Amino acid sequence: MTPKVPQKRRAAIAAQVEKAVLTTPVYDIHTHLYDPAFGELLLWGIDDLLVYHYLVAEGFRQFDLTYEQFWAMPKSQQADAIWNALFIEHSPISEACRGVLTTLNRLSLDVRKRDLPALRKWFAKWKVADYTTHVMDVAGVNRICMTNSPFDDVERVVWERGFKRDERFTAALRIDPLLLSWNDTAAPRLRDWGYDVTPELSEKTASEVRRFLADWTRRINAQYLMVSLPPDFTYPGDNACARLMETAVLPHCREFGLPFAMMPGVKRAVNPLLKLAGDGVGLCDTASYESLIAAHPDNQFLITALARENQYSLCVAARKFRNLHLFGCWWFTNIPFLIEEMTRMRLELIGLSVTPQHSDARVLDQILYKWEHSRRIIARVLVEKYADLTATGWEPTNAEIQRDVQDLFGGAFECFCSRQSAREAQTIRPTVAAKKGNRDQRSRTTPKT
Ligand code: FIX
Ligand code: ZN
């Protein structure tokens, strides 16, 4: 039997780990937040916190209102309805409700008073630029990766106009319509934007899709490409999604040295009456993802899956494929019960080559609670793991613990991303100079077009 770690030693490990986990800055690798230059697209403040779609779904379980009545209300009235239903008439114990309270608490606001008008007054005093810095400081988040879709009409014009980038906000190129709605959405839009594509996926079309991806990768300085996928995605398969991946997206990722992030398991609009809150979950076919990854050893893949039941087989897949990096506890899995289970399982199966969490924040202030809650759980699991090592006589040093935590909070992700670039430099030598040019062109200030 492994000897037990003395109580005193365990307490010392706990103190070291907690300090590292609570103070190490995080690179939040998937959010729906925006560089403040995007104006109204960056959501923040108490009303946006309350009308978060996680809370809308919970609110409807209590409301007497019809869907139409709720959606016809202005934002502040929707926030009032949610506040009353989920905080005043019932105790706010769900993770999303607790999140609002942790957020307010981290902002040093007194939640005991249950005084929504006073909270609104406090938020009204802030200017967005100062508030962004304040929230990021308190949350211990130093970089935030956005989700950037050229198919979003409001967002696209901002990129096309050009603006001075805030270095704390990196970009990810989101391409759901391209892969999931080729005929109905993407092909006609690409044609409108001057790309010579046809509904049939000819060689010419693939090369024009690559030109589109290259233009947007450079324009936004994308760190990776990403898509969310329905449970029934299969590979290999005779479907537009798989063919576009093979002929355009993955060659593009190889050329630009970028990972491709896949988010499997979302069933969009299970209840369309709930709008953004109406998406559901389904099991994905891990074997399809294994086949895709195995068929593309020169691509790097990031995966976060929505179904709890897929987490184990994906950990096993990550053991088989070094070009697969798992990240985050996505959406419905972002609850303490599953964060703890997934973090423990991942650390036990794949060690520290993982990014255990991303926030998926849609409202800036949410990084306060999402990271606070996750950090506590990650610390708890790590203390247990280091105590297990100590029991064998392997004493982790402070520096080792600090290094490991840095890896979990963005270091392992960046190392994984840079491996793609290194591989690209080795395998595609003849055009290395050109590729280097591509990367250099992805400048921090977007070109004025
Ligand atoms: O597809 C995604 O990136 C999801 O995270 C969102 O669509 C979802 O609405 C969300 O906010 C989950 O946290
Ligand atoms: Zn997301």
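The shell around ligand 1 is made up of four nonpolar, three polar and four charged residues. Here Ala, Val, Leu, Ile, Met, Phe, Trp, Tyr, Cys and Pro count as nonpolar, Asp, Glu, Lys and Arg as charged, and the others, Gly among them, as polar. The model is predicted; local features need pLDDT of at least 70, side-chain atom pairs count only at pLDDT 80 or more, and totals for chains, interfaces and linings use all residues. Residues are numbered from 1 along each chain as its sequence is written, chains are lettered from A and ligands numbered from 1 in the order in which they are written, and side-chain values use heavy atoms, with hydrogens and water left out.

Ligand 1 is surrounded by His30, His32, His53, Tyr54, Arg174, Met263, Arg268, Trp330, Trp331, Asp360 and Arg362. Each has a heavy atom within 4 Å of the ligand. Polar contacts (pairs of N or O atoms within 3.5 Å) involve several side chains. That of Tyr54 places an N or O atom 2.6 Å from an oxygen atom of ligand 1. For Asp360, a polar side-chain atom lies 2.8 Å from a ligand oxygen. For Trp330, the distance is 2.9 Å. The protein covers 98% of the 330 Å² of accessible area (Shrake-Rupley method, 1.4 Å probe) that ligand 1 has on its own.

Helices (H or I, at least four residues) and strands (E, at least two) are DSSP runs, numbered from the N terminus.

Two backbone features stand in loops. A cis peptide bond joins Tyr235 and Pro236, with omega about -5°. Pro236 lies between β4 (222-229) and α13 (240-256). Ala269 has a positive phi, near 50°, in a residue other than glycine. Its loop runs between β6 (266-267) and β7 (280-281).

Note on methods: Polar contact = N/O pair within 3.5 Å; in protein donor to acceptor, adjacent residues only side chain to side chain.
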